[in-house]
Amino acid sequence: MRRHWQRKPLLVRQALPGVTPPLPRAALFALAARDDVESRLVVRDGARWTLRHGPLPRRALPPLAQPRWTLLVQGLDTHVDAAHALLARFRFVPQARLDDVMISYATDGGGVGPHVDSYDVFLVQVYGRRRWRWGPVADASLVPGVPLKILRRFTPEQDEVLEPGDLLYLPPGWGHDGVAVGECMTCSVGFRAPRHDELLRELLQRLADHVDDDARLYRDPGQRATPTPGEVPAALSVHARARLQTLLREPQRLDAALGEWLSEPKPHVWFAPAGAWRPGQALRLDRRTRMLYDARHLFVNGESFRAGGRDARLLRRLADVGRLDAEHTARLSPEAAALVADWVAAGWLHPDDAQAAGGAR
């Protein structure tokens, strides 16, 4: 993080020795066929590229013996425990920046062409081998007439073949091109870098949602008859600016809006009730739950809550570690325990019997 994050690429040989794919090939293909999973199929035939979005039933995928095709499945961490466990290895990065884990399955020669990403990515080779070329981008122009954003001219500085367990980190904006050397699987752990316009749009909308019901109307009893009716009244402009400045002068509202947005689950995610929980029983976050906090708030799946003192310390631990053992849950106040029970009922948390039996750790 000190030397490379947002600065320059880093290749780590055998960063994860003995790593295995988060799921078998057949299970990956079955996942791509589901309508609650975001998947894409990329096929290259000479200079011709085709892109198809899922759901992708097995009959939609080319034969395994056919070279140069790639299956991409997003959000693997929300569907597969092993992918969620892989993601946990990267908790040295603030989870507010987390996007997801994507897996790329490719036959020999498969890839998506040289391109740039707008987010930080850790590329983990989990099966087979893939040749990666990367470097700064001098010309960001794209190949016209193809359904992918492929760089028209790409001159890499590095060229390496990654084996299972190898890891390559790339900051946003670095060109890279990965090509399968035989059948392979690569997991991409992505961390988003919000665009300024996206950040402002989301915050302004959420700030407006946080305004208390205020049905008062703009009033202008001093307005005189005007010979220029098309002109926006200066008083109305001043009023609008004052209302916006009032919102921005309340940092807690801004913090709440930011945390709610950052903890919002992906569109394909939904939760099922997790059953009952009793105080003193260990807890774990559902793998789909996004839980964050700041100095005053807790944020869970797009909602904000206030907590202080011991409750805040305990629930922040849950956000940081992903689990809360029985010893700690027993120390929650009745109010915090009731809130946690609601989260369990919503499927955001689960009782963790293994942790309860094992005690604190």
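Analyst: Let's start with a salt bridge. The side chains of glutamate 250 and arginine 253 meet in one, at 3.1 Å from N to O. Keep in mind that this is a predicted model.

User: Is glutamate 250 buried, exposed or partly exposed?

Analyst: Glutamate 250 has a relative accessible area of 29%, so it is partly exposed.

User: How many salt bridges are there?

Analyst: The count comes to 19. Another one joins arginine 323 and aspartate 352, again with 3.1 Å from N to O.

User: Where do arginine 323 and aspartate 352 lie?

Analyst: Arginine 323 is in strand β14, and aspartate 352 is in the loop between β15 and α9. The two are 29 residues apart in sequence, so the bridge ties those parts together. Arginine 323 is partly exposed, because its relative accessibility is 38%. Aspartate 352 has 7%, so it counts as buried.

User: Which residues form a network of salt bridges?

Analyst: Glu202, Arg206, Glu260 and Glu264 are linked that way.

User: OK, new topic: rings. How many aromatic pairs does the structure hold?

Analyst: It holds 12. One of them is phenylalanine 122 with tyrosine 169. Their centres are 5.0 Å apart, with 40° between the planes, and the pair is tilted.

User: What parts of the chain does that pair link?

Analyst: Distant ones. Phenylalanine 122 is in strand β6 and tyrosine 169 is in strand β8, 47 residues apart. Both phenylalanine 122 and tyrosine 169 are buried.

User: Why is the pair of phenylalanine 122 and phenylalanine 191 edge-to-face?

Analyst: The planes sit at 85°, and over 60 counts as edge-to-face. The ring centres of phenylalanine 122 and phenylalanine 191 are 6.0 Å apart. This pair also links distant parts of the chain: phenylalanine 191 is in strand β9, 69 residues from phenylalanine 122.

User: Is phenylalanine 191 buried or exposed?

Analyst: Phenylalanine 191 is at 0% relative accessibility, so it counts as buried.

User: Which residues form one aromatic cluster?

Analyst: Trp5, Phe90, Phe92, Phe122, Tyr169 and Phe191.

User: What sits over the ring of tryptophan 261?

Analyst: The charged end of arginine 192 does, 5.3 Å from the ring centre.

User: Last one, on strands. How do β12 and β13 pair?

Analyst: They pair in the antiparallel sense, over 4 bridges. Valine 300 stands opposite glutamate 303 in β13. The two strands form a hairpin with 2 residues between them. Asparagine 301, in the turn, has a positive phi of about 50°.

Definitions and conventions
Residues are numbered from 1 along each chain as its sequence is written. This is a predicted model: local features need pLDDT of at least 70, side-chain atom pairs count only at pLDDT 80 or more; totals for chains, interfaces and linings use all residues. Side-chain values use heavy atoms; hydrogens and water are left out. Two strands pair if DSSP finds at least two bridges between them. Rings of Phe, Tyr and Trp (its six-membered ring) pair if their centres lie within 6.5 Å; planes under 30 degrees apart count as stacked, over 60 as edge-to-face and the rest as tilted. Buried means under 20% relative accessible area, exposed over 50%, partly exposed in between (1.4 Å probe, protein chains only). A charge sits over a ring if NZ of Lys or CZ of Arg is within 6 Å of the ring centre and within 35 degrees of the ring normal. A salt bridge is a side-chain nitrogen of Lys or Arg within 4 Å of a carboxyl oxygen of Asp or Glu.
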